[in-house]
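Please look over the sequence and the model first, and then follow the points below with both in view.

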Amino acid sequence: MFPDLQPHVDDLFLLEAHQIAALPDRAPAHQLAVVMRAHPRIARFLISRHPPIEDFLLQLATDLGPVDSEDLASCEQALLWEIADWIVYQRDPAGYESRARFDFDLAAVTELEALDGKVVIDAGAGTGRVAFAAAPLARHVFAVEPVATLRRYVRDKAAASSIDNLFVLDGFLHAIPLPAETADVLVTCQAIGWDLPAELVEIDRVVKSGGIAVHLIGAANSAQAHQLHQSLVDHGYRSDVYEDGEVQILRYWRHTAR
């Protein structure tokens, strides 16, 4: 996705606390250990931004055996490319948006529920594709996004377009900073499944009685996609594939009980 990206080890200084917290699950352990040993200033930075990572990094250092100095560059690149999307979030949100592989179509939502005059939450908003598409129809749109650079990008784009009903909030799908029963419609686009049990509880909390939650994801055929499918169906979601020309979106939706 990022052919022009030339990641450098100092890009690790761009990471935010919630991304550092995800490193144990996201980063290749050996490569991370090699990079931390070679660059202790980066290890200190990661710990200062997210202190709970310290025990994990210390264990990596303990488990790491001898390392050939010639392997450092390859370990740096392996680590950086594994988290390339995080780096691009920080460096170039507009470029990230332009390279998005997901063919979003608001009709995938509006044919299930009209947005006119509604309160909409775009959870895990990213660069705001759902939020900007919904804003001309909705009464209010809340774009909830944990990455500060992406929040700033959405705010600046909304201001430049004189959109005054789009509000950008710092938050996660499992921790939405809005009162209970706020939204008529909650939409996620490639953003559900990081902490699914907590996310489902939070969705049920913020969607009004009789409201709808819609999740749009790629139709990837993988064990992870199958597990997500089964969990959503077990929670009462219906599913189908929205198609319009070359656009194909796997979607899930659920109306909350009145």
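**A first look**

Thr-188 sits in strand E4, which covers residues 183–189. The model in which this residue is placed is a predicted one. With a relative accessibility of 0%, Thr-188 counts as buried, because burial here means a relative accessible area under 20%.

**Around Thr-188**

- The side chain of Thr-188 makes a polar contact with the side chain of His-215, at a distance of 2.8 Å.
- When residues up to four places away in sequence are not counted, Thr-188 touches Ala-123, Leu-173, Val-214, His-215 and Leu-216.

- In general, a pair of packed helices is described by two values, the angle between the axes and the distance between them.
- Helix H2, made of residues 29–38, packs against helix H3, made of residues 40–49, at an angle of about 110°, and the two axes are 5 Å apart.
- H2 is therefore roughly perpendicular to H3, since angles of 65 to 115 degrees are given that description.
- On the H2 side the contact is made by Met-36, Arg-37 and Ala-38, and on the H3 side by Pro-40, Ile-42, Ala-43 and Leu-46.
- Sorted by class, the residues in the contact of H2 with H3 are 6 nonpolar and 1 charged, with no polar residues.
- The axes of H3 and H4 come within 8 Å of each other and cross at roughly 150°.
- H3 and H4 are therefore roughly antiparallel to each other, because that term applies to angles over 145 degrees.
- This contact is formed by Ala-43, Leu-46 and Ile-47 from H3, together with Ile-53, Glu-54 and Leu-57 from H4.
- By class, the contact of H3 with H4 has 5 nonpolar residues and 1 charged residue, and no polar ones.

**Nonpolar cores**

- The largest nonpolar core has 33 residues, and the members that touch the most other members are Leu-12, Leu-15, Leu-23, Leu-32, Met-36, Leu-46 and Leu-57.
- Two or more residues are given to this core by each of helix H1 (17–26), H2, H3, helix H4 (53–63), helix H5 (72–82) and helix H6 (84–91).
- Met-36, with its neighbours within four places in sequence left aside, is in contact with Leu-12, Ile-42, Ala-43, Leu-46 and Leu-57.

- The side chain of Asp-85 makes a polar contact with the side chain of Arg-26, at 2.7 Å.
- Leaving aside neighbours within four places in sequence, the residues in contact with Asp-85 are Phe-2, Arg-26 and Tyr-96.
- Asp-11 is found in the segment before H1, and at 9% relative accessibility Asp-11 also counts as buried.
- Apart from neighbours within four places in sequence, Asp-11 is in contact with Ile-87 and Arg-91.
- Between Asp-11 and Ser-69 there are 58 residues of separation in sequence and 21 Å in space, taken from C-alpha to C-alpha.

**Two residues with positive phi**

- Ser-162 has a positive phi of about 55°, although this residue is not a glycine.
- Ser-162 lies in the loop between helix H10 (148–160) and strand E3 (166–169), and is exposed, with a relative accessible area of 64%.
- Glu-181, which is not a glycine either, has a positive phi of about 55°.
- Glu-181 is placed in the loop between E3 and E4, and at 44% relative accessibility it counts as partly exposed.

**Arg-155 in helix H10**

- Arg-155 is found in helix H10, where this arginine is partly exposed, with a relative accessible area of 41%.
- Arg-155 and Tyr-252 are 97 residues apart in sequence, and their C-alpha atoms are 28 Å apart in space.

Methods
Residues numbered from 1 in each chain as written. Predicted model: local features only at pLDDT ≥ 70, side-chain atom pairs only at ≥ 80, totals over all residues. Heavy atoms only, no water. Helix = DSSP H or I, 4+ residues; strand = E, 2+ residues; numbered from the N terminus. Buried < 20%, exposed > 50% of the residue type's maximum accessible area, 1.4 Å probe, protein only. Polar contact = N/O pair within 3.5 Å; in protein donor to acceptor, adjacent residues only side chain to side chain. Contact = heavy atoms within 4.5 Å. Axes fitted to C-alpha atoms, helices over the stretch in contact; angles between N-to-C directions. Parallel < 35°, antiparallel > 145°, perpendicular 65-115°, else oblique. Nonpolar A, V, L, I, M, F, W, Y, C, P; charged D, E, K, R; others polar. Core = buried A, V, L, I, M, F, W, Y, C linked by side-chain atoms within 4.5 Å.
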